[in-house]
Amino acid sequence: MIAPRTALAFLSAAVYTAAAGPGRPVSFEKEIRPILEARCLKCHGAAMQMAKLDLRTRASALRGGEKGPSLNPGSSELSMLYKRVAGLEKPSMPMDGKLAPAEVEAIKLWIDQGASWDGDIGGAVAARNPLKDIEESQLAPSAGDFWSFRKPVRAPVPKVAGARWAKNPVDAFLKKEMDTRGLKPAPQADRRTLARRAYLDLTGLPPTPAEIKEFLEDQRPDAWPRLIDKLLASPHYGERWGRHWLDVARYADSNGYEHDFDRPNAWRYRDYVIRSFNRDTPYNRFLIEQLAGDEVDDVTYETLIATGFLRNYAKVGFREKDNPQFRYDYLDDMIATLGRGVMGLTVHCARCHNHKFDPILQRDYYRMQASLFSYVEVDHPLVPREQAGEYQRKTADLDARIAPLRQRIAGIEDPYKLDLLKGKYKKYPANVQEAINTPEEKRTPGQALLANQVIRTTRVSSGEVARFLEPAERDEIRKLHAEIEQLEKQRPAPIPVAMGITDGDYRFVPDGPGDEPAPGKGVKQEVTEGSYLHQGPEPYAAPPSYFLHGGDMSSRGSLMKPGFLTVITEGSPPVEFPPSHHRTSGRRRALAEWLTSPDQPLTARVMVNRIWHHHFGRGLAPTIDNFGRTGDKPSHPELLDWLAVEFRERGWSIKQMHRLLMTSQAYQMASSSGDKDNLATDPENDFLWRFRQQRLEAEVVRDSILAVAGSLNTLMEGPPVFPGLPAESLKSMKNGIWRTQPDGPETWRRSVYVYRKRGLPFPFFEVFDLPDQTITCGRRNISTVATQALTLLNNEFVLAQSKLFADRVRKLAAVDPGEQLAIAYQLALSRPPSEQERVLGVEFLNRNAIEDLTHVLLNLSEFLYLR
């Protein structure tokens, strides 16, 4: 492969004096050198030689790389350099954006004229600092010439024939594309189908027979918009659509990785999201609260809870001191989540080098990291400051009295722990033991990695030590524990706290050998302004953040100031909004303000595309979280832009966007249309000539089963619940928690409240494509596998709910099989059985129990799909 940077060295190397070819004379110094230095040497210079091509010297340029010579002076047609930058051969170059047509033409003429130049570029470049060149990389003038990097523009609504398609702007844009391709829109779905579609889409629950009856009897012209408003006002709306955002926020109730510690207060963020959707918090405000809820002008408990968004990252172990690299990994996770989840860009791909496909500089990555770098984990107290201060004073006093007692215990146990650790280390291979025994400052990078991994995961408990203690030592420890127990009884009741972040002074705190948290306990955090947090009258100063060459924390480059993506940043927006309380830097607030500014072309586009995806089964731009050059381009770019502008100008209201999309004819079309001509022209339904059927998500499947069985507990918010797990799943759990709760109303709550354990995903959810809970997810995978059918046939929960469903049917129709069949269909499928279904169903009930019928209904595709 040869990049345009390739050109540079080749051109630098070849001093060719052939007769000038046709066309205007091209100046190497004024036209060619600037292109090559800006676009070629980054990948084929001192820092790296992609495809083994080094373009710094004449010899290396003529030698070429894996693909052979890239330059044939005198013949652009035979020069791979020209063919790649002109797009005549793939992959086209540069990888970070096309050259302008004038630049391509200049290179063509220059090669045809002999590719001669004055001076040796290779020599000039070699004298420069290649690492500094990387830091100071510049984008090509044409880098922003891509649909997603341009600000959305509200195009005029097309004029289309037919009153049905002219009322809603969404329909007008869609009908224009259908007409262009000769597609015929499907007819409108029947009212029962529409009602079920709306209920499942907005609340994640099937309608009851009474709700279906109410809608069917409402003959007012605005019955459909009224139903939408009713569902948007339902508290179940926030539970359904908040779940979509929790996928983006990579929410979970445990840390993940090998220890998978519990996060006892993570659920408060989940409830904040549900409340935010229910009250239709403007999306721009929603983002600002989550990035900088501690820095806004009107800080409240809600905005402090919101900062849990940035702290939702999966976490290794329980302390970063074991490996400072982890902190940079958590920052990378934040950047990845903001990039993919909010901007639809893979910004995190620029951690080690300039992005290979999108115009995202490595410098942009570290400027964004600087905006987040000062974060520290904190548990925000959700009580008045005075009460929180009193709680901390009492707790600190008790801790001070208990600390020397624990130190005395450690003084007895630590020698034994060290001996036991040495014994445990001996089970590892010789090279691992050598790494552990090598002094820390003398370990090679490989040894450090091995040693840290083993030391971090190898623990010695007090129980293991007890077997080796002398009787006097055992008695002494027993007395000390008794004293500690008496002091612990004086500890005040815990105050409510929310897992979040703020700015502070990050530091590492050493612990004793083999220390670990108490079983079942979370990580201890500061609850008010403790040693991590800024105190004093002077304004908070953010700690320094550096450019890291190759993403290596030990390869520091220049000190970085906060900033944003160059390609979509206009002017010089503020990079800090220092709050009046002076306890934080205001950098996260500035980042949030930039993300939601009118000049930012991505944020509104990405969100309306996400909303469209959840309503229609696929986004207008199908790659929900990749609006870059490797993502799919939108099928209806003018409509996407129109919606983005509408969203922003309507106050970033998500509920208003629901109303607009759901009142369109496109949303109300039938999904069963099988027009042969349409199928031949648009088999994938890219241009929405019918409604796309969608498999319900795992949580909606479970919630629908509970709702149909009449057993759903609609209690909202609060700590998570723990439905029963198979014995083999519990046996596989090594760390963290899964509390045992009886299968009953306490655990029959909506699935959004089920404990999200990263190390042990709930099996029912996992079989129905629960996403990876450690990373942001914009679009869930949809699979059809045998384990799904087997789960619905054999799972104990499904069987139990089938019996409750049958009991419900019996209460409503005790004797008549035909009436029982009709009621079961109405409850499960929101419709009566067809005549054929009635005949077969009655025959089935005459030979089988009602439980068998209800179980079959829960296994139907119609039950599992939004139609």
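A residue counts as buried when its relative accessible area is under 20%, and in this predicted model glutamine 820, at 6% relative accessibility, therefore falls into that class. Glutamine 820 belongs to helix H34, which covers residues 817-829, and, once neighbours within four places in sequence are left aside, its contacts are Val809, Ala813, Ala814, Val815, Leu845 and Ile850. The C-alpha atom of glutamine 820 is separated by 7.1 Å from that of arginine 810, a residue 10 places away along the chain.

Confidence should be kept in view while reading the coordinates: the chain averages a pLDDT of 88, with 90% of the residues scoring at least 70. Over residues 1-21, however, the pLDDT is below 50, although the model gives this stretch 100 contacts beyond near neighbours in sequence. Residues 507-531 also stay under 50, and for them the model has 56 contacts beyond four places in sequence.

Turning to the aromatic residues, the whole structure holds 35 aromatic pairs. One of these joins tyrosine 328 and phenylalanine 373 in a tilted arrangement, with 6.0 Å from centre to centre and 45° between the planes. Because tyrosine 328 lies in helix H16 (residues 325-343) and phenylalanine 373 in the loop between helix H17 (362-372) and strand E1 (375-381), the pair ties together parts that are 45 residues apart in sequence. Tyrosine 328 counts as buried at 11% relative accessibility, and phenylalanine 373 is likewise buried at 11%. Elsewhere, one aromatic cluster includes Tyr237, Trp245, Phe309, Phe647 and Trp652 among its members.

Rings also meet charges: the charged end of arginine 154 sits over the ring of tryptophan 642, 5.1 Å from its centre, while that of arginine 197 sits over the ring of tyrosine 667, 5.8 Å from its centre.

Notes: Residues are numbered from 1 along each chain as its sequence is written. This is a predicted model: local features need pLDDT of at least 70, side-chain atom pairs count only at pLDDT 80 or more; totals for chains, interfaces and linings use all residues. Side-chain values use heavy atoms; hydrogens and water are left out. pLDDT is the predictor's confidence in each residue, from 0 to 100. Contact means heavy atoms within 4.5 Å. Helices (H or I, at least four residues) and strands (E, at least two) are DSSP runs, numbered from the N terminus. Buried means under 20% relative accessible area, exposed over 50%, partly exposed in between (1.4 Å probe, protein chains only). Rings of Phe, Tyr and Trp (its six-membered ring) pair if their centres lie within 6.5 Å; planes under 30 degrees apart count as stacked, over 60 as edge-to-face and the rest as tilted. A charge sits over a ring if NZ of Lys or CZ of Arg is within 6 Å of the ring centre and within 35 degrees of the ring normal.
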